[in-house]
Amino acid sequence: MDFFTNLSDKIGKKLEKGRPFHFLYSTYDAIDSFLLTPKEITTNGSHIRDAVDMKRIMITVMIALFPALLFGMWNVGHQHFLSIGEDATIWQSFGYGFLKWLPLVIVTYGSGLLVEAIFAQVRGHQIAEGFFVTGFLIPMIMPPDVPLWIVSVATIFAVLFGKEVFGGTGYNFLNPALLARAFVFFAYPSVISGDAVWISQSADVISGATPLSLVMNGSTSVLPSNWSLFIGTIPGSFGETSKIAILLGAILLIYTQVASWKIMISVIIGGLLTGTIFHATGACPILGWQHLLLGGFLFGAVFMATDPVTATHTQSGKYIYGFLIGAIAIVIRVLNKGYPEGMMLAILLMNIFAPLIDYCVIQLNIRHRKKRILRKKN
């Protein structure tokens with residue numbers, strides 16, 4: 001470890017102010033802080049010493065994402081070879097998926113960090129670690145064959161107009177990863193329309209509709225088994241298919257208190273209740289709990305809705321915020337036949353209303369306190 005620390009220090013000295021390559025210092029500082037102990041640490045005085053900082057929170061989230069990502073790599077390859085009628089080993093499927101994921105993550109980090117570095121250099125600030133998770137998430141919610149230039153444009157748009165114009169990490173009110181996906185959805189709907197099979201294709205492969213799209217349009221006979229939905233051996237993006245892998249990530253986030261279990265549970269309850277009501281009235285052919293296994297519902301509940309910056313912060317507000325996300329996602333699925341996957345739009349909509357929810361909760365608490373004080377005085 002001393003070798004890497006000394007090497008980092010030597011590189012840092014060559015990028016100090018006044019040196020020719022000082023414009024790269026922000027990028028160097030971000031990578032150095034992410035991989036090694038930050039240069040600035042508390043040594044004396046009155047401070048609260050805690051092992052949890054932004055870097056460790058981001059690393060925990062990325063570790064929690066790994067089970068879903070690793071399974072997604074294998075599944076992308078598995079679905080590809082299955083669609084062309086060829087048998088493949090586990091490693092062949094995984095290798096194919098990895099080679100599909102690698103260009104996406106390189107382009108995402110390259111595009112996003114470029115914008116982050118430019119703004120950090122102009123402002124004289126450090127590059128925030130938040131984008132390391134955003135850049136990890138974006139490839140996990142994109143189709144495996146999405147054109148790389150579209151991913152680059154979407155990432156730049158999300159970082160520029162979703163974060164930097166508002167002041168950077170901590171000031172954004174929309175989830176940047178979902179904003180990138182929304183940009184692709186509205187700007188290039190043929191690429192990520194929401195109803196096309198997300199299978200990496202070759203010249204002789206045909207495509208069709210996803211199970212979620214077919215089910216929402218009444219074709220329940222094509223619904224995979226509940227076990228297949230739970231395991232994740234169905235077409236989909238890298239991160240959304242395996243519910244087991246997503247739940248493993250959820251356990252880690254809850255155990256480390258990095259993400260709010262109140263939001264996760266509320267999203268699930270909201271979706272479950274709304275789906276059950278629609279099924280009972282005959283508006284939806286599948287049971288309420290089956291909605292949790294279809295599309296990106298569970299992935300959104302665990303990794304997107306719980307974003308600590310864009311979600312609500314009051315304890316009561318988290319229940320309201322999560323419940324509305326789950327309910328609205330199912331409403332969009334059932335009523336909008338052209339876009340059966342409603343999780344993205346539901347989370348982005350509630351990102352906008354999160355400050356209002358917190359404000360209302362705080363005002364109600366203030367009123368209750370005033371009433372209690374008046375009762376004591378009387």
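**Close-up 1. Helix 6 against helix 7.** Ile150, Val153, Ala154, Phe157, Ala158, Phe161 and Gly162 of helix 6 touch Pro176, Leu179, Ala180, Phe183 and Val184 of helix 7. Contact means heavy atoms within 4.5 Å. By class, this contact has 11 nonpolar residues, 1 polar and no charged. Ala, Val, Leu, Ile, Met, Phe, Trp, Tyr, Cys and Pro count as nonpolar, Asp, Glu, Lys and Arg as charged, and the others, Gly among them, as polar. This is a predicted model: local features need pLDDT of at least 70, side-chain atom pairs count only at pLDDT 80 or more, and totals for chains, interfaces and linings use all residues. Residues are numbered from 1 along each chain as its sequence is written, and side-chain values use heavy atoms, with hydrogens and water left out.

**Close-up 2. How helix 6 and helix 7 cross.** The axes of helix 6 (residues 148-162) and helix 7 (residues 176-187) come within 8 Å and cross at roughly 130°. That makes helix 6 oblique to helix 7. Angles under 35 degrees count as roughly parallel, over 145 as roughly antiparallel, 65 to 115 as roughly perpendicular and the rest as oblique. Axes are lines fitted to C-alpha atoms, for helices over the stretch in contact, and angles run from 0 to 180 degrees between N-to-C directions. Helices (H or I, at least four residues) are DSSP runs, numbered from the N terminus. The crossing is right-handed: the near helix is turned clockwise from the far one by less than a right angle.

**Close-up 3. Helix 11 beside helix 12.** Helix 11 (residues 261-280) and helix 12 pack at about 155°, with axes 9 Å apart. Helix 11 and helix 12 are therefore roughly antiparallel. Met264, Val267, Ile268 and Gly271 in helix 11 meet Phe297, Leu298, Ala301 and Val302 in helix 12. This contact has 7 nonpolar residues, 1 polar and no charged.

**Close-up 4. The largest pocket.** Its volume is about 410 Å³. Of its 23 lining residues, Met58, Gly130, Val133, Asp307 and Pro308 are the closest to the centre. On a 1 Å grid over the protein atoms alone, a pocket is an open set of points with protein on both sides within 12 Å along at least five of seven lines; lining residues have an atom within 4 Å of a point. Grid points are joined across faces, edges and corners, and a volume is the space filled by probe spheres set on the points. Helix 5 gives the largest share of the lining, 5 residues. The lining divides into 15 nonpolar, 6 polar and 2 charged residues.

Key
Helix = DSSP H or I, 4+ residues; strand = E, 2+ residues; numbered from the N terminus. 1 Å grid on protein atoms, 1.4 Å probe; cavity = no way out; pocket = protein on both sides within 12 Å on 5 of 7 lines; lining within 4 Å.
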